[in-house]
Each structure stands twice: as C-alpha cells, then as structure tokens.
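Student: I would like to learn how to read salt bridges and surface patches in a structure. Please take me through them one at a time.

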Amino acid sequence: MAFRHDAATRVYRIVHGRSPPFDGSGTYRWGSRWISPGRQVVHAAETYALAVLENLVHWQTNALLPALVCVEATIPADMQQEQVDDVDPRPLGTLDHAATRAYGDNWHDRRRTAILWVPSAVSPYERNVLFNQAHEDFTMIEIAAPVSAVVDRRLVRKSGGGGG
C-alpha cells in the first residue's frame, strides 16, 4: 500500500568507508533478507541506533571495523512509499529468507515506489528502509556527505572475556 509521510524523513546507513556510501552493489552481489541477488537496493535504518545494531549482527567479529561512515538520507515528504504491514517480525531472525525475498523482489520489480519500509529482525519495534536504485524517484532522495560513524566500543565483545 502506497503512502506519504507528513514531513521529510531522515534515515541512516552505516558502511565501511571504502564502500560507496549510498549504493546497493552489495545487495546486488549477495542479496539480503528482503532482496535476492541481482537487484540494486540500498538498505538503511530509521534510527542511527538501529543502523548500528543491524551492522553489529552482520560484522560477526570481536573488533570494530575500521573506517566506518554514516550516511544520512532524507526522504521528501511528498514521495510515494510502501510499508510491509503483514509480516510478523518475530521469526525474521531465521535463516530462511524465501518469503521475505519474494515480497521484496516483487516490490522491486513492480517499481511502484522507490521506498519500502520493512520490519527489522534485530528490533521488531523499529523499521529498516529499502531504496530501489532503479526507480525514477530515487534521485529525489537527499544524500548527505558521509561522516565518521561513532560506535560505543562496549557494544563489541572484547577478546579474552571480561566486561566493560
């Protein structure tokens, strides 16, 4: 179902500094929970904190990745968007992505909107946002210059045990 927000919406993406800051080439290559490989889709989070958490679950490391940057994107208020409302976020942490990928692939291929809001598997009370780079409205999104990401080191497990 398409909708518009009453005001411009800011979202956040954290990536390694050597990666293009607002580009879906990683999704194109590997896919994601919501998109099969072969589709250029940018992923972001509705809050900076969720962007950090989404990255932590993917890093799978005991050390912070160097050179992380945050990119803030602003979605214009008048931009058409879609939202997933009929998916229970509780089982999203499973490894089988067939149903969510079918949903996301259908959204991407229909090209009704450039934006799809999806529930987060990490935080079921928050949402991630997908940007279809192939959609003509993608160019309406305002992308800020990347800035160094700030991540509290206590969020990453220290080698050798012990707390923080």
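**Salt bridges and a surface patch**

Tutor: At 37% relative accessibility, Arg110 counts as partly exposed; buried means under 20% relative accessible area, exposed over 50%, and partly exposed in between (1.4 Å probe, protein chains only). This is a predicted model, in which local features need pLDDT of at least 70 and side-chain atom pairs count only at pLDDT 80 or more, while totals for chains, interfaces and linings use all residues. Residues are numbered from 1 along each chain as its sequence is written, and side-chain values use heavy atoms, with hydrogens and water left out.

Student: With which residue does Arg110 form a salt bridge?

Tutor: Side chains of opposite charge can pair when their charged atoms come close. The cut-off is a side-chain nitrogen of Lys or Arg within 4 Å of a carboxyl oxygen of Asp or Glu. Arg110 pairs with Glu82, and their closest N and O atoms are 2.9 Å apart. This pair links distant parts of the chain, with Arg110 in helix α3 and Glu82 in strand β5 (residues 81-83), 28 residues apart. Helices (H or I, at least four residues) and strands (E, at least two) are DSSP runs, numbered from the N terminus. Glu82 counts as buried, at 5% relative accessibility.

Student: How many salt bridges does the structure hold?

Tutor: The structure holds five. One of them joins Asp105 to Arg39, with 3.5 Å between the closest N and O atoms. Asp105 lies in helix α3 (residues 98-110) and Arg39 in the loop between α1 (25-30) and β3 (41-45), so this bridge ties together parts that are 66 residues apart in sequence.

Student: Are Asp105 and Arg39 buried or exposed?

Tutor: Both Asp105 and Arg39 are buried. Arg39, Asp105 and Asp109 are also linked in a network of salt bridges.

Student: Which residues form the nonpolar patch on the surface?

Tutor: Patches are made of residues with over 30% relative accessible area and no salt bridge; like charges are joined within 9 Å, and nonpolar side chains (Val, Leu, Ile, Met, Phe, Trp, Tyr) within 5 Å. Here Leu53, Val57 and Val122 form one, with about 180 Å² of accessible area together. Such areas come from the Shrake-Rupley method with a 1.4 Å probe; for residues, only the protein chains shown count as cover.

Student: Where is Val122 found?

Tutor: Val122 is in the loop between β6 (115-119) and β7 (127-132), whereas Val57 is in helix α2 (residues 48-59). Val122 and Leu53 are 69 residues apart in sequence but 7.0 Å apart in space, C-alpha to C-alpha.
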